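Subject: The model you asked about

Hi,

Here is the structure to open alongside this note. Have a look at it, and then read on for what turned up.

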Amino acid sequence: MTSPQPAETRTRGRSARTATLAEIAREAGVSAPTVSKVLNGRADVAPATRSRVEGLLRAHGYRRRRAEATRSPLIDLVFHELESAWAMEVIRGVENVARDEGLSVVLSESAGRLTPGRTWADQVAARRPHGVILVLSGLDESGRALLTSRSIPFVVMDPAGDPGTDVPSIGATNWQGGLAATRHLVDLGHTRIGAISGPTRMMCSRARVDGYRAALETAGLPVDPGLIMTGDFHHEAGYRQGLALLRREDRPTAVFAGNDLQALGLYEAARELGLRIPEDLSVVGFDDLPVARWVGPPLTTVRQPLTEMAEAAAKLVLDLGRGEDSAAATRVELATSLVVRSSTAAPAGA
């Protein structure tokens with residue numbers, strides 16, 4: 001009599017032997033079909049039961065065997081917010097790789113949350129894509145465990161927080177970019193330089209402002225907390241916080257806007273107050289979106305290679321799915337670079 005076929009392979013723990021569905025079910029106190037439903041991402045399992053089964057799988061380090069993990073020809077791409085030209089650059093990069101691999105891209109949004117909900121994780125588990133790319137987002141412990149137990153690789157692009165040493169991620173040199181943007185303004189002769197950051201909960205935003213501070217301190221200039229405004233990487237924040245900065249009696253002569261959309265909002269605030277760019281106000285953005293070349297005057301900005309970052313994330317997640325990168329942790333940062341255009345000049349009277 002042949003023994004039951006193993007459903008999962010135990011990769012960590014006290015034993016390297018395989019376990020059957022029946023053994024997993026017996027330990028969880030459920031039936032074998034119920035374990036199968038959990039493994040296959042079925043929704044018709046009680047939350048408490050699903051949690052108990054997944055906890056056992058996680059505790060024993062179970063992973064679905066490659067031969068059993070039939071993948072759909074998809075890459076899941078999830079944004080915390082799906083809008084603006086910024087997202088289009090990322091989509092273009094993932095599509096470039098997916099097209100060459102004969103795959104399609106599934107887009108989803110976590111409605112501003114930095115971790116997608118359980119419903120999204122269940123849907124991904126049911127789709128069984130070749131991989132998942134999370135942009136300015138991440139996974140909580142249960143989401144990571146769910147994808148890992150089904151051998152669905154994932155990569156975080158431009159992580160909002162510290163993704164952890166065991167989470168593959170693709171980022172950019174945000175600190176260096178903030179340093180280069182501010183140093184450019186210092187070299188032009190500006191001594192009173194403002195900043196409009198992105199959300200403080202996002203690591204990339206904090207790194208850019210840290211680079212701004214470092215440039216001022218290196219030049220022997222004071223860091224005035226009153227000149228650092230908090231935005232949200234949207235046009236409206238650049239306009240609103242720009243008005244607050246430019247209405248000050250001791251207004252800055254230059255502003256590092258944190259990203260291009262906020263820089264465009266700052267342009268609008270300057271026009272409303274009758275200030276000319278760059279004669280009365282120098283502006284530097286971050287990202288180098290296509291619109292940066294089209295506005296008047298063309299925007300000096302820090303180029304973040306968004307399309308290349310997205311391509312790198314897509315290639316990495318596919319390599320992980322093929323087992324071609326066995327490193328426990330993979331973190332890649334692509335270089336940023338300053339692109340000087342017509343929105344910056346020496347301060348008046350310099």
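First, a word on burial: a residue is called buried under 20% relative accessible area, exposed over 50%, and partly exposed in between (1.4 Å probe, protein chains only). Also, this is a predicted model, where local features need pLDDT of at least 70 and side-chain atom pairs count only at pLDDT 80 or more, while totals for chains, interfaces and linings use all residues. Residues are numbered from 1 along each chain as its sequence is written, and side-chain values use heavy atoms, with hydrogens and water left out.

Now the overall picture. Of the chain's 350 residues, 54% are buried. The chain has 11 helices and 15 strands; these are DSSP runs numbered from the N terminus (helices: H or I, at least four residues; strands: E, at least two).

Next, the sheet. Six strands form an open sheet with parallel pairing, in the order β5-β4-β6-β7-β8-β14. Pairing here requires at least two bridges between two strands according to DSSP. At the edges sit β5 (104-109) and β14 (331-334), each pairing on one side only. Inside the sheet, β6 (residues 131-135) runs parallel to β7 (residues 154-157), with four bridges joining them. One detail to click on: Val 132 has Phe 154 as its bridge partner in β7.

Where do the nonpolar side chains gather? The largest nonpolar core has 35 residues, and Leu 77, Ile 133 and Met 157 touch the most other members. A core of this kind is a set of buried Ala, Val, Leu, Ile, Met, Phe, Trp, Tyr and Cys residues joined through side-chain atoms within 4.5 Å. At least two residues each come from β4 (74-79), α4 (84-100), β6, β7, β8 (169-172) and α11 (306-322). With nine residues, α11 gives the largest share.

For Ile 133, contacts (heavy atoms within 4.5 Å) beyond four places in sequence include Leu 77, Val 94, Val 155, Met 157 and Val 317.

Finally, is Ser 282 buried or exposed? Ser 282 counts as buried because its relative accessibility is 0%. This serine lies in strand β12 (residues 282-287). Leaving out neighbours within four places in sequence, Ser 282 is in contact with Leu 185, His 190, Thr 253, Ala 254, Val 255, Ser 343, Thr 344 and Ala 345.

Cheers
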